[in-house]
Amino acid sequence: MTVVEQMLQRYALNTHEDRTHALREVMQEIALAGLNRAGFFAKAAFYGGTCLRIFHGLPRFSEDLDFSLLKADANFSMEPYFKTLQAEFAAFGFEVEITAKQKTATTAIASAFLKSNSSVYDLHVTGQKTMKIKFEVDTDPPLGFVTEEKLLIQPYSFYVKCFSLPDLFAGKMHALLYRKWKNRVKGRDWFDFEWYVRMGCPLHLAHLGERVRQSGDLASVTLNQEEFTEMLQARIRALNVDSARQDVVRFIKDAAPLHLWSQDYFLQLGAMIVFK
């Protein structure tokens, strides 16, 4: 049995979608291993939904790998890490092509894409031709966050520098409050919000304030609890709950708890937030 096959044994692979989600997560973990081997985490930290999924057991799958530099670097490029990433995937039977997307003048996010057409992929994801993992690195990060070393034991044991949970919560609340998806609703934000509150995770309000100010959504010097609560309540009252459910349902195993979702439910969750 190969290492990848062993990693896939952790999942219940009952449907084609199950296999797709599981293999993507295995590839994400191999990517983290390659980045660690390349020394990437000396300059950056892992955050976002996939970080929450892999290291904290968030019960939904996540597609992208999101990273933040530890300090701003307008000239940062992921390209020096590509060779080691390709070698890491090759060691586990994957052929990958990595393409860097050019940054525009309006973003401080550097992106990269990995596409896989390997025999292991064909074996476990029948009928799927390619799989894409998007890497994004915030090259001008809002500061004031704390990191911690988290152990991953698959595909082998290594450490990944991650945002602490209160700072992960701050990043999620920034996305929930200000994400611009035109007419769409990212229900995954609301699913994660519910998870943070249920877990009793404190929200690092100062780091959220840094994020909000940097994005130009708040002019005041500090963000206080009252301002945050007012913004969250306004966002909840404008929420299309049905659209939120539709977005998240394909990323979770059990959709039954989503029936509880309502504006009133989220308002009550908001009142339970603990601040750091």
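Guide: Buried means under 20% relative accessible area, exposed over 50%, and partly exposed in between, with a 1.4 Å probe and protein chains only. This is a predicted model, in which local features need pLDDT of at least 70 and side-chain atom pairs count only at pLDDT 80 or more, whereas totals for chains, interfaces and linings use all residues. Residues are numbered from 1 along each chain as its sequence is written, and side-chain values use heavy atoms, with hydrogens and water left out.

Visitor: Why is Cys162 called buried?

Guide: Cys162 has a relative accessibility of 0%, so the residue counts as buried. Cys201, with a relative accessible area of 8%, is buried by this rule also.

Visitor: What makes β2 largely enclosed by the rest of the structure?

Guide: Strands are DSSP runs of E with at least two residues, helices are runs of H or I with at least four, and both are numbered from the N terminus. Five of the five residues of β2 are buried, so the strand is largely enclosed. Leu65, Phe67 and Leu69 point one way from β2, Asp66 and Ser68 point the other way, and all are buried.

Visitor: How do you know that β2 pairs with β1 and with β5?

Guide: Two strands pair if DSSP finds at least two bridges between them. Strand β1 (residues 44-47) and β2 share four bridges in the antiparallel sense, and the partner of Ala44 in β2 is Leu69. Four bridges also join β2 to β5, and these two run parallel; the partner of Ser68 in β5 is Asp138.

Visitor: What makes the span of α6 close to the expected value?

Guide: The expected span is 1.5 Å times one less than the number of residues in the helix. For the 14 residues of α6 the expectation is 20 Å, and the helix reaches 20 Å from its first C-alpha to its last. Helix α6 is mostly covered, with 13 of its 14 residues buried.

Visitor: Why is α2 described as largely enclosed?

Guide: Of the 22 residues of α2, 17 are buried, so this helix is largely enclosed by the rest of the structure. Helix α2 (residues 16-37) reaches 32 Å, close to the 32 Å expected.

Visitor: What separates a pocket from a cavity?

Guide: On a 1 Å grid over the protein atoms alone, a cavity is a set of points where a 1.4 Å probe fits but cannot get out; a pocket is an open set with protein on both sides within 12 Å along at least five of seven lines, and lining residues have an atom within 4 Å of a point. The largest pocket holds about 1,200 Å³ of space. Its lining has 38 residues, and the closest to its centre are Tyr47, Glu136, His174, Ala175 and Arg179. The largest share of that lining, seven residues, comes from α6.

Visitor: How many cavities of 30 Å³ or more are there?

Guide: The count is one. The largest cavity holds about 40 Å³, and its lining includes His21, Arg24, Phe61 and Phe251.

Note on methods:
Points joined across faces, edges and corners; volume = space filled by probe spheres on them.
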